[in-house]
Amino acid sequence: MHYVLHYGQIAPYLPYLMGGMAISLALSILSFIGGMVLGLFFAVIRNEGHPVAGRLVRIYVAFFTNTPQLVQIYVIYFGLPDFGILFSPFAAVLIGMTLNAAAYLTEILRAGLSTVHAQELDAAETLGMNRLQTLRHVTLPHLFKVAMPALTNQYILMTLGTSMAAIFGVEELTGRAFNINSTTFRSIEIFTTVAALYVVVTFIATILLALVGRWAFRARVPVL
Amino acid sequence: MLSFLIAEIPRLFTIYNVILLLKAALTTLSLSAVGCVVGLFCGFLLSLARLSQRPIFWPLKALALLYVEILRRVPFLITLMIFFFGAQVLGFNASALVIAFISTSVISTAFVAEIVRAGLRAVKPSQMEAAAVMNFSAWHTFWHVRLPQAWPLILPPVFSYFVLFIKDTALASQAGVLELTQAGKILNTKGFSASLVYATVLILYFIISYPLARFGSYLERRLGASRHSRPRRAV
């Protein structure tokens, strides 16, 4: 074992890595927002109990939660061109991550929706709220208060999941790590640095989301 | 295009290719299973270290906390690469499969430790106090009072983590391990249409994962862990 660690050779690349991190974060935030919109829609459909639409959502969730995200993106990026549908790597990863996140978020939000008591909805009706007001003032605050820890969790997992964008040639944090690895061959140094960056980023995200949850929904999100 | 794909199906599903896919599926399953069994054992020890009260164990406790918090926040791909290149640096001449087994075990230890800790903490302190009143030793309290009550809370989430982890092992294909995704890549480079091959791989993953996921939710109902006392999935 005659290996000497040279972290100094990685240092000039730090701004380059930071740029990659911005792309990673953009990917995770965009797909989380997209997944939330779709997931909320699907969760409401499942909760309303429409026979056909509810079953379709169940099939969607079962399929996307039981297959790997990597292979889903493979199908979108390499498979769909067979049918003349071409995506850029970033778009393919974004679509794959959004569809995958939507399935997991549907489950989380549905579980949250099912904790809203019928009495709360009755009380809202007694107060003369219409459906939109009930949603805004009763259902959603309750939902987010209950689901906040699981949502934080899902966001962290999605941030880690963005690393697979590197496989499709998106130059985000992991992708840039591979680039630096192939120019400097300082593999251990670069990958441990990137691992540390992921730890820092997800830790900041956990704290920020805990603060947002506490401030906006009075949710108790454990940080450690 | 569709007729072209349908014409390709009999060419794809020759005995040789089917055996390749099935062997790869077995590797996928064993990667996750070994990871979770090792993870359950090591995660147990880690969570014991984290729950210990005595000051002598304080450094161990800090180490366990660091291990869990760091390993859960590093993408699997990066961990795999660190082990992959780290093995070469250390002169550890291991195959990609062995490295994949080691890294799945290391990662799942962190996640399972969190599940075990949540399960052990869900047992009410009054139970342990009652045992202390009856003059049980620490070992007796743990083995006969705490563990039997925590077990039904630990097992279902560990099982669902095992099912979740089956899908994460797809990333092991990046280290060249011949598992399901890698088998798909091989078939694709042999000239079969990407849509057909990867759709087959997706369906195979679904066939593996869906019954296990259903069994997991059955296990959860059967062991009778109520929704409120169930430990949260690790962050």
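Start by selecting A:E189 and A:R186, which form a salt bridge with their closest N and O atoms 3.3 Å apart. A salt bridge here is a side-chain nitrogen of Lys or Arg within 4 Å of a carboxyl oxygen of Asp or Glu. Side chains of opposite charge can pair when their charged atoms come close. Now colour by accessibility: A:E189 is buried, with a relative accessible area of 0%, and A:R186 is buried too, at 18%. Buried means under 20% relative accessible area, exposed means over 50%, and partly exposed lies in between (1.4 Å probe, protein chains only).

A note on what you are looking at: this is a predicted model, where local features need pLDDT of at least 70 and side-chain atom pairs count only at pLDDT 80 or more, while totals for chains, interfaces and linings use all residues. Residues are numbered from 1 along each chain as its sequence is written, chains are lettered from A and ligands numbered from 1 in the order in which they are written, and side-chain values use heavy atoms, with hydrogens and water left out.

Next, move to chain B and select B:E8 and B:R11, whose side chains meet in a salt bridge (3.8 Å, N to O). Both sit in helix α1 (residues 2–12) of chain B, 3 residues apart, about one turn of the helix. Helices (H or I, at least four residues) are DSSP runs, numbered from the N terminus.

Then go back to chain A and select A:R46, A:E107 and A:R110, which are joined into one network by salt bridges that share partners. Over all chains, a search of the whole structure finds 8 salt bridges.

Now show the surface. Which residues form a positive patch? Select A:R55, A:R58, B:R214 and B:R221. Patches are made of residues with over 30% relative accessible area and no salt bridge, with like charges joined within 9 Å; Lys and Arg count as positive. The elements giving two or more residues to this patch are α2 (51–65) of chain A and α9 (194–222) of chain B. B:R221 lies in that helix α9 and counts as exposed, at 62% relative accessibility.

For the last stop, select A:I204 in helix α8 (residues 187–217) of chain A. A:I204 is partly exposed, with a relative accessible area of 46%.

Conventions. Patches are made of residues with over 30% relative accessible area and no salt bridge: like charges are joined within 9 Å, nonpolar side chains (Val, Leu, Ile, Met, Phe, Trp, Tyr) within 5 Å. Accessible areas come from the Shrake-Rupley method with a 1.4 Å probe; for residues, only the protein chains shown count as cover. The place of a charge is taken as NZ of Lys, CZ of Arg, CG of Asp or CD of Glu.
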